[in-house]
Amino acid sequence: MNRRDFLKMSGAGLAGATLLGATGCGGGGSSSGELIFSMGPDDTGAYHDLIDKFNEQHKGEFQVRYREMPSDTGQYFDQLKTEFQAGGGEIDVMGGDVIWPAQFAAQGWIVDFSDRMTESEQSKYLSGPIESLTYDGKIWGVPWYTDAGMLYYRRDLLEQVGISAPPKTWPELQEMALQVSQETGTKYGFVFQGAEYEGGVCNGCEYIWTHGGNVLDPDDPNKVVIDSPEAIAGLATEQSMVEEGVSPQAVSTYTEEETDPAFLNGTAVFARNWPYMYALAGSSDYPKVKPEQIAVAPLPVGEPEPTVASALGGWNFLVNAASDMQDEAWEFIQFMTGESSMKYSAVNATLLPTLKSLYDDPEVVEAIPVIKLGKEAIQHTRSRPVSPYYGDMSLEMAEKYASVVKGDTSPEEAVKALKADLENIIEQAQ
Ligand code: GLC
């Protein structure tokens, strides 16, 4: 019994508590008639709006309470892990990163949704998010929104210098970033996520992929292929951003949270980020740079094998296996993933829908450039490995990629070390 249930129980007396204990009350906001939903910070207020609407419709039945979790996906994950290990915790429904389902499912911590997510139900969603939820032949949740790494740029500043189109290659980006920042007096050329955390892994992989490299063999995920000239070239480009003064040294500590103000307060010409940042432009937190001053483009490509690619990110709804509000959880998830809620999140928070139908909805696609590009970008996204051991692999990549950005490790050393580390993890898992 968790602390909250315990406090609720105190009026009911010890006999009741013993009874509940005997029926195995573990976790979940069950006895309170409250469904606890966890997710990272609600930057635009869209989660609150939707939850309020749901609660309004379910007065007298049950209510959803939003519990804010860390914006860093790794910290959020660790917090959940601690609660699950301690017997479940209070959370019923989680907004969960696409890299989590396999890891949680392998531990039996989340609910198998195979009965509810039938084949015909699954076919309504984009395939990437469905794959992220598929592990051991079962499906472990419902897709919410999808993410793809994108290049943001200040359209107004490029125009000021006479540049009409965004860069297509990384060397072009470097050249433009230096020129535009100098000529317009903008402090930084390009900002991205170079810190030692999950977002740094996404950025590092994108540099590797866009130069034609890979981390694992796409046809055999047990084979590590990171020790290639393409991967080395990719990490060399990432390192050169700081070395050439295109990016500030501080990008080695940047997550998404530092990227937003750097770009949206007008301090950088280019930024790599996920679609959500678009919705923050011109908002009360970031009034300085307006949406009409910014534009988005696919991530640039590099030699020796120019390849359009970006990391597949995104978030799913997962249900705590220890929750005894599973029907209520399903009701809430259906509301949040219905066309109307997904459209609301798309229009108000620029979260890319996972329902295919919304990509044909003119109100969604035409109104928001980032979603129009998202439709294209989604075709070029690559997943991080769907594996119960992904967390271990990610920690190794996070460390090495960040060390490359800092200039402490050469790209050659980094891929050599990563080959050994990742092979080790795969071997141990077998
Ligand atoms: C975004 C993505 C998520 C990724 C994270 C990294 O939230 O949706 O998949 O792991 O960024 O910071």
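To start, the model is predicted.

Where does the ligand sit? The ligand sits in the largest pocket. Thirteen residues surround the ligand, and the closest are Asp97, Asp147, Glu256, Gly314 and Arg384. Sorted by class, this shell has five charged, four polar and four nonpolar residues.

Next, the secondary structure. Two elements, helix α10, residues 198-210, and strand β13, residues 310-319, each supply at least two residues of the shell. Which element gives the most to the shell? That is β13, with three residues.

Now the polar atoms. A polar side-chain atom of Asp147 is 2.5 Å from an oxygen atom of the ligand. Glu256 also places a polar side-chain atom by a ligand oxygen, at 2.7 Å. With Gly199 the polar atom belongs to the backbone, and the distance to an oxygen atom of the ligand is 3.5 Å. As for the ligand's surface, the ligand taken alone exposes 310 Å², and the protein buries 92% of that.

Last, a residue I would like to point out on the model: Ala402, which is in helix α18, residues 390-406.

Note on methods. Residues numbered from 1 in each chain as written. Predicted model: local features only at pLDDT ≥ 70, side-chain atom pairs only at ≥ 80, totals over all residues. Heavy atoms only, no water. Near = heavy atom within 4 Å. Polar contact = N/O pair within 3.5 Å; in protein donor to acceptor, adjacent residues only side chain to side chain. Areas by Shrake-Rupley, 256 points an atom, 1.4 Å probe, with all protein chains shown as cover. 1 Å grid on protein atoms, 1.4 Å probe; cavity = no way out; pocket = protein on both sides within 12 Å on 5 of 7 lines; lining within 4 Å. Sits in = over half its atoms within 2 Å of the grid points. Helix = DSSP H or I, 4+ residues; strand = E, 2+ residues; numbered from the N terminus. Nonpolar A, V, L, I, M, F, W, Y, C, P; charged D, E, K, R; others polar.
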